[in-house]
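Visitor: I am new to this structure and would like to learn how to read its features one at a time. Could you take me through them?

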Amino acid sequence: MRVRRLRLIAGGLVSALALGACSLLPGGGGGGGSPAAPPRDAQPFQLAGVCPNPIVIQTDWNPEAEYGATYNLVGAGYRVNKERNLVRGPLVVEGNDTGVDVEVRSGGPAIEFATIASVMFEDPSITLGYMNTEQAAQFHAKEPTISVIAPMDISPGVIMWDPSTHPDWNTMVDIGQTDSKVLVTKDDIFPDYLVGSGILRQSQLLPEYDGSPDKFLDSGGEIAQGGFATAEPYIYQNDIPAWGKPIAFQLIHDTGFEAYTQTLAVRAGDKDKLAPCLRKLVPLVQRSIADFIQRPGRANALVVDLVERYDNGWLYGKDLAAFSAGQQLRLGIVGNGPDQTVGNFDLARVGSVLEIVRPILAGRRQPLKASLRAEDLATNEFIDPTIGLP
């Protein structure tokens, strides 16, 4: 689950990034266990009669550009339910109406900060929910899900710091050589990994981060803090007058904790029933990923509109949305990974994260089944390996 403050942070009014429009390139083999290219579909954009109507997607936070590929599916004529913080409209990909609707629901405060797995198992109308590798493993015994596509290849999660206070810090290893505190969110798994791998020390962790910038500001930049590469660098420099300067950061992914985040998952028991739909839907989501990251303006405009219409204390300006989309592309957060396919999983990487979290969860008295494998948490079965970014 994402943690982000609910303060009223008003973004500026600069226009969305004008990223170059490029066509999709055929990819090579899928990598990470991707299947061979599927047979050619005579009606690749038609989901009517094959998929649920509407296709319901449960996100894990308020609308923001990190969900760009999902909001990019929502076509013109959408309807907004302010009370439930959801939007429904025709599911459209590259201008093609698919014959079904898509309903995108907000998470976080809209679901009282419940886990996505629990919400999915309480509400069978949800088709796909946002998940991450460690949560999928953590909740698998009681609420098993399997991720079918990864809109983000790399997690945008970071540890950030003030480069003017700490000019000698270049990575988290440098932080670990000091006595400075690191503000993190309670119950997150990656801080235990950073300690177990020797990058940080247990005494440095301050598991009190609630999304507010107050502790960071009060320290004068002495402490380090968790955040997201797609948001905090812009917010702290532009939207927090008490700070108003750059921050430095390192991606958690680059420390060796290579969990997939914000994947789209189905209930494991529904995979076979949904398979005919997923064979057609997942390649369309791949197309939406590629379309959004190259042309984010339309989806970002929808995100900003929804934030204004939900009016729940979360503000998100189009300048921040533009920064997020650009940062996703610049840092490879959205990308093809080591092959030429967008949205697929490296199952060896999933397995590596599974083995990292196994002893951590055992120490929390949440042991995983010894038989749990990467293939139980993610699949490339429905991925079209010919769809990728240029």
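Guide: What follows is a walk through some features of this model, which is a predicted one.

Visitor: Let us begin with disulfides: how many does a search of the whole structure find, and which residues form a disulfide?

Guide: The general idea is to look for two cysteine sulfur atoms within 2.5 Å of each other. A search of the whole structure finds one disulfide, and it is formed by C51 and C277, whose sulfur atoms are 2.1 Å apart. This pair links distant parts of the chain, since C51 sits in the segment before strand 1 (55-58) and C277 in helix 8, 226 residues apart. The torsion about the S-S bond of C51 and C277 is about 100°, and the disulfide is therefore right-handed.

Visitor: Are the two cysteines, C51 and C277, buried or exposed?

Guide: For such a question one compares the relative accessible area with a cut-off, and a residue under 20% is called buried. C51, at 10% relative accessibility, counts as buried, and C277 is buried too, with a relative accessible area of 2%.

Visitor: Where does helix 8 bend, and by about how much?

Guide: Helix 8, which covers residues 271-294, bends by about 55° at C277, and C277 is also one of the two cysteines of the disulfide.

Visitor: How many salt bridges does a search of the whole structure find, and how should I read one of them?

Guide: The thing to look for is a side-chain nitrogen of Lys or Arg within 4 Å of a carboxyl oxygen of Asp or Glu, and a search of the whole structure finds 18 salt bridges. In one of them the side chains of R88 and D101 meet, at 3.0 Å from N to O. Because R88 lies in strand 3 (residues 86-93) and D101 in strand 4 (residues 96-105), the pair ties together parts that are 13 residues apart in sequence. R88 counts as partly exposed at 25% relative accessibility, whereas D101 is buried, with a relative accessible area of 16%. R79, R88 and D101 are, moreover, linked in a network of salt bridges.

Visitor: Which residue forms a salt bridge with R105?

Guide: The partner of R105 is D123, and the closest N and O atoms of the two are 2.8 Å apart. Here again distant parts of the chain are linked, with R105 in strand 4 and D123 in the loop between helix 2 (116-122) and strand 5 (128-131), 18 residues apart. R105 is buried, with a relative accessible area of 10%, while D123 is partly exposed, with a relative accessible area of 23%.

Visitor: What parts of the chain does the salt bridge of R364 and D192 tie together?

Guide: The side chains of R364 and D192 meet at 2.9 Å, N to O. R364 lies in the loop between helix 11 (347-363) and helix 12 (374-377) and D192 in helix 5 (residues 190-196), so this pair ties together parts that are 172 residues apart in sequence.

Visitor: Turning to sheets, what is the order of the strands in the open sheet of five strands, and which are the edge strands?

Guide: In general, the strands of a sheet pair through backbone hydrogen bonds, either parallel or antiparallel. In this open sheet of five strands the order is 9-8-10-7-11, with mixed pairing. Its edge strands are strand 9 (205-206) and strand 11 (248-251), each of which pairs on one side only. Strand 8 (residues 182-183) and strand 10 (residues 224-228) pair in the parallel sense over two bridges, and the bridge partner of L183 in strand 10 is Q225.

Visitor: Which residues is S180 in contact with, leaving aside its neighbours within four places in sequence?

Guide: With those neighbours left aside, S180 is in contact with H166, W169, Q204 and E222. S180 is found in the loop between helix 4 (172-176) and strand 8, and at 7% relative accessibility it counts as buried.

Visitor: Finally, where is the place of N380, and what does its side chain reach?

Guide: N380 has its place in the segment after helix 12, and its side chain reaches the backbone nitrogen of F345 at 2.8 Å. At 3% relative accessibility, N380 counts as buried.

Note on methods:
Residues numbered from 1 in each chain as written. Predicted model: local features only at pLDDT ≥ 70, side-chain atom pairs only at ≥ 80, totals over all residues. Heavy atoms only, no water. Bend = angle between axes of the 7 residues up to and from the residue. Helix = DSSP H or I, 4+ residues; strand = E, 2+ residues; numbered from the N terminus. Buried < 20%, exposed > 50% of the residue type's maximum accessible area, 1.4 Å probe, protein only. Pairing = 2+ DSSP bridges. Contact = heavy atoms within 4.5 Å. Polar contact = N/O pair within 3.5 Å; in protein donor to acceptor, adjacent residues only side chain to side chain.
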